[in-house]
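Dear colleague,

Please find below the structure that I am handing over to you. My notes on what was found in it follow directly after.

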Amino acid sequence: HSSGHDRLVLIHLNSNTPNKHTTMKQLQTIATLNNIPIEYERRKKKEGWLGKPKGMLQVLFERGFLDTQGKSNKEIVRYYTVNGRKDNNGNKIPNTSLRKLVR
């Protein structure tokens, strides 16, 4: 006992001609009947540094302006800041400002 709507859907599906009234479910059925995959995997592209501008820290490191003696990469990144670090009294610590070292 199929309804008129079901019969129309079957006729439409058999015609294999989707139009603007075709639902997603109908499209998937048409695709499946024609051995067309309805899902696909997309690989994520790994973002690299190629073609990207260098930051102040990288430029100063490459030119030998940073004191890296006995410091890990993590410590170097934490030690230097754009405007410089301050001690516990709020005084600027010399040679910790990337902006001043670049000049």
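Is K52 buried, exposed or partly exposed? K52 counts as partly exposed, at 40% relative accessibility; here buried means under 20% relative accessible area, exposed over 50%, and partly exposed in between, with a 1.4 Å probe and protein chains only.

Two remarks on the basis of these values are in order. This is a predicted model, in which local features need pLDDT of at least 70 and side-chain atom pairs count only at pLDDT 80 or more, while totals for chains, interfaces and linings use all residues. Residues are numbered from 1 along each chain as its sequence is written, and side-chain values use heavy atoms, with hydrogens and water left out.

Salt bridges

The structure holds 3 salt bridges, a salt bridge being a side-chain nitrogen of Lys or Arg within 4 Å of a carboxyl oxygen of Asp or Glu. K52 takes part in one of them, with E47 as its partner and 2.9 Å from N to O. E47 is exposed, with a relative accessibility of 67%. A further salt bridge joins the side chains of E62 and K54, at 2.8 Å from N to O. Here E62 is partly exposed at 45%, whereas K54 is exposed at 53%. K71 and D67 also form a salt bridge, at 3.3 Å from N to O. Both partners are partly exposed: K71 has a relative accessibility of 23%, and D67 has 43%.

Positive patch

A patch of positive charge on the surface is formed by K86, K92, R99, K100 and R103. Such patches are made of residues with over 30% relative accessible area and no salt bridge, like charges being joined within 9 Å. R99 belongs to helix α5, residues 98-102; helices are DSSP runs (H or I) of at least four residues, numbered from the N terminus. At 41% relative accessibility, R99 is partly exposed.

Helix α2

Which residues of helix α2 are buried? In this helix, which spans residues 24-33, they are Q26, I30 and A31. These residues lie on the same side of α2, because they cover an arc of only 135° around the axis; the arc is that of the directions from the helix axis to the C-beta atoms. M24 and K25, on the other side of α2, are exposed. After α2 comes N35, which has a positive phi, near 55°.

With kind regards

Note on methods
Patches are made of residues with over 30% relative accessible area and no salt bridge: like charges are joined within 9 Å, nonpolar side chains (Val, Leu, Ile, Met, Phe, Trp, Tyr) within 5 Å. Accessible areas come from the Shrake-Rupley method with a 1.4 Å probe; for residues, only the protein chains shown count as cover. Lys and Arg count as positive and Asp and Glu as negative; His and the chain ends are not counted. The place of a charge is taken as NZ of Lys, CZ of Arg, CG of Asp or CD of Glu. Helices (H or I, at least four residues) and strands (E, at least two) are DSSP runs, numbered from the N terminus.
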